[in-house]
Amino acid sequence: GPTLVRREELSPQTEGNGHYRVYCYFQGGPERSFELFYMELDPHTANTSPGHLAQAQEYITVLEGELTVETGGKSYRLGDALGFDSTADHTYRNAGDERVTGLVINYYPG
């Protein structure tokens with residue numbers, strides 16, 4: 001049946017001295033080949049994530065603010081969405097004065 005998830009009931013995973021927060025709505029596993037997160041990145045901060053599992057793909061949709069994603073030796077300035085191979089290290093950077101929020105899907109084809 002349906003699974004109801006409320007962000008206020010989730011504990012955030014934090015990195016970067018608490019400047020980067022993700023709330024896991026749905027975890028991956030044998031029954032699910034993806035993970036869904038809500039993310040927040042404070043102004044003038046960045047977070048680097050090590051590469052994920054083989055063939056992993058990441059999709060991010062920015063809800064508020066402007067985010068720069070650095071991956072594969074390139075930099076992408078987002079106001080909308082980006083999908084990329086997330087097997088290599090990648091960095092989310094917020095150079096702006098407002099917090100960035102977004103939705104992140106990690107997909108693990110199998």
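This is a predicted model: local features need pLDDT of at least 70, side-chain atom pairs count only at pLDDT 80 or more; totals for chains, interfaces and linings use all residues.
Local features need pLDDT of at least 70, side-chain atom pairs count only at pLDDT 80 or more, and totals for chains, interfaces and linings use all residues. Side-chain values use heavy atoms, with hydrogens and water left out, and residues are numbered from 1 along each chain as its sequence is written. The largest nonpolar core has 16 residues. The largest pocket holds about 290 Å³ of space.

**Nonpolar core**

- A nonpolar core is a set of buried Ala, Val, Leu, Ile, Met, Phe, Trp, Tyr and Cys residues joined through side-chain atoms within 4.5 Å.
- Buried means under 20% relative accessible area, exposed over 50%, and partly exposed in between (1.4 Å probe, protein chains only).
- Within the largest core, the residues with the most contacts are Met39, Leu41, Ile60, Leu67, Val69 and Tyr92.
- Two or more core residues come from each of β2 (20–26), β3 (34–41), β5 (57–64), β6 (67–71), β8 (81–85) and β10 (100–107).
- Strands (E, at least two residues) are DSSP runs, numbered from the N terminus.
- Val69 touches Ile60, Lys74, Ser75, Tyr76, Leu78, Leu82, Phe84, Thr91 and Tyr92, not counting residues up to four places away in sequence. Contact means heavy atoms within 4.5 Å.

**Strand β8 and its partner**

- β5 and β8 run antiparallel and are joined by five bridges. Two strands pair if DSSP finds at least two bridges between them.
- Ile60 stands opposite Leu82 in β8.
- The covered face of β8 carries Leu82 and Phe84. Its uncovered face carries Ala81, Gly83 and Asp85.

**Largest pocket**

- A pocket is an open set of points on a 1 Å grid over the protein atoms alone, where a 1.4 Å probe fits, with protein on both sides within 12 Å along at least five of seven lines. Lining residues have an atom within 4 Å of a point.
- The volume of about 290 Å³ is the space filled by probe spheres set on the points, which are joined across faces, edges and corners.
- The lining has 17 residues, and the closest to the pocket centre are Tyr20, Phe37, Ser49, His52 and Asn106.
- β1 (13–15), β2, β3, β4 (45–49), β9 (90–94) and β10 each give two or more residues to this lining. β2 gives the most, with three.
- By class, the lining has seven nonpolar, seven polar and three charged residues. Ala, Val, Leu, Ile, Met, Phe, Trp, Tyr, Cys and Pro count as nonpolar, Asp, Glu, Lys and Arg as charged, and the others, Gly among them, as polar.

**Buried threonines**

- Thr71 is in strand β6. Thr71 counts as buried because its relative accessibility is 10%.
- Beyond four places in sequence, Thr71 touches Tyr76, Phe84, Asp85, Asp89 and His90.
- Thr101 is in strand β10, and its relative accessible area of 1% makes it buried.
- Thr101 and Tyr38 lie 63 residues apart in sequence, yet 7.3 Å apart in space, C-alpha to C-alpha.
- Beyond four places in sequence, Thr101 touches Tyr38, Met39, Glu40, Thr61, Val62, Leu63 and Glu64.

**Positive phi in loops**

- His44 is not a glycine but has a positive phi of about 60 degrees. His44 sits in the loop between β3 and β4 and is exposed, at 54% relative accessibility.
- Gln55, also not a glycine, has a positive phi near 70 degrees. Gln55 sits in the loop between β4 and β5 and is exposed, with a relative accessible area of 56%.

Notes:
Helices (H or I, at least four residues) and strands (E, at least two) are DSSP runs, numbered from the N terminus.
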